[in-house]
Amino acid sequence: MEATGVYWEKVYDILSDAGLDVMVVNVQHVKQIKQIKGRKTDIADSVWLSRSCQFGLRSPSLTLPKFFRDLRGLSRYRRTLIEQRARSQLRIQKVLGRGGVRIGGILSRITRSVNGRRVLEGIIAGAAREDILGGLSWHVRTKLVLLGDAPSFELDMQSRWILSDLLA
């Protein structure tokens, strides 16, 4: 079989479970050097692939057992989720910055702390600045002096909708 994408995995598992000796080969190693334009078919491809493997002209690619392939898929998915979370956090900061809300110096983890969530949920709900700040923990209230004449936490409806979507 040619290993293109993830399509080979299911076929490989079925054939291996049936007791067949299956070899997965890299596509770049199997390409025919001279192909006549317009004459390429799946049948000709399979004949070429079987003959080149039959005479030992191709070496198999490393094929991990199913358990390790599944584990690798899970770890790649986890990495993707972490990257998406980081992008969402940056988008949240961008929306807040565009609206004139600069609280990053006071709440460093605005998306992952209880106080940060309270601020974001208050902004999304359209609550008054005093109500939002009044609901914060005591150790954050001591930092409220640093806010000074910071603009109110009022964002337009579009920005509030984007924030709620990003938080969800």
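This report describes the fold, confidence, aromatic pairs and selected residues of a predicted model.

Residues are numbered from 1 along each chain as its sequence is written, and side-chain values use heavy atoms, with hydrogens and water left out. Because the model is predicted, local features need pLDDT of at least 70 and side-chain atom pairs count only at pLDDT 80 or more, while totals for chains, interfaces and linings use all residues.

**Overall fold and confidence**

The protein has nine helices and two strands. Both kinds of element are DSSP runs numbered from the N terminus, with helices (H or I) of at least four residues and strands (E) of at least two. Along the sequence, the pattern is β-α-β-α-α-α-α-α-α-α-α.

The average pLDDT, which is the predictor's confidence in each residue from 0 to 100, is 80 for the protein, and 83% of the residues score at least 70. Confidence is highest in helix H4, at a mean of 92, and lowest in helix H8 (residues 144-147), at a mean of 62.

Of the 168 residues, 24% are buried. Buried means under 20% relative accessible area, exposed means over 50%, and partly exposed lies in between (1.4 Å probe, protein chains only). The protein exposes about 12400 Å², and carbon and sulfur atoms supply 56% of that area. Accessible areas come from the Shrake-Rupley method with a 1.4 Å probe; for residues, only the protein chains shown count as cover.

Contact means heavy atoms within 4.5 Å. Among contacts with a separation of 6 or more, 51% are between residues 24 or more positions apart.

**Aromatic pairs**

Rings of Phe, Tyr and Trp (its six-membered ring) pair if their centres lie within 6.5 Å; planes under 30 degrees apart count as stacked, over 60 as edge-to-face and the rest as tilted. The count by this rule is two aromatic pairs.

| Pair | Centre to centre | Angle between planes | Type |
|---|---|---|---|
| Trp-8 and Tyr-12 | 5.7 Å | 75° | edge-to-face |
| Phe-67 and Phe-68 | 5.2 Å | 75° | edge-to-face |

Trp-8 and Tyr-12 both lie in helix H1 (residues 7-17), four residues apart, or about one turn of the helix. Trp-8 is buried because its relative accessible area is 12%, and Tyr-12 is buried with 16%.

Phe-68 is in helix H4 (residues 66-98). Phe-67 has a relative accessible area of 57%, so Phe-67 is exposed, whereas Phe-68 is partly exposed at 45%.

Asp-13 is found in helix H1. The relative accessibility of Asp-13 is 13%, so this residue counts as buried. Leaving aside neighbours within four places in sequence, Asp-13 is in contact with Lys-66 and Arg-69.

Pro-60 sits in the loop between helix H3 (42-54) and H4, and counts as exposed at 52% relative accessibility. Not counting residues up to four places away in sequence, Pro-60 touches Met-23 and Val-24. Val-22 is 38 residues from Pro-60 in sequence, and the two are 9.1 Å apart in space, C-alpha to C-alpha.
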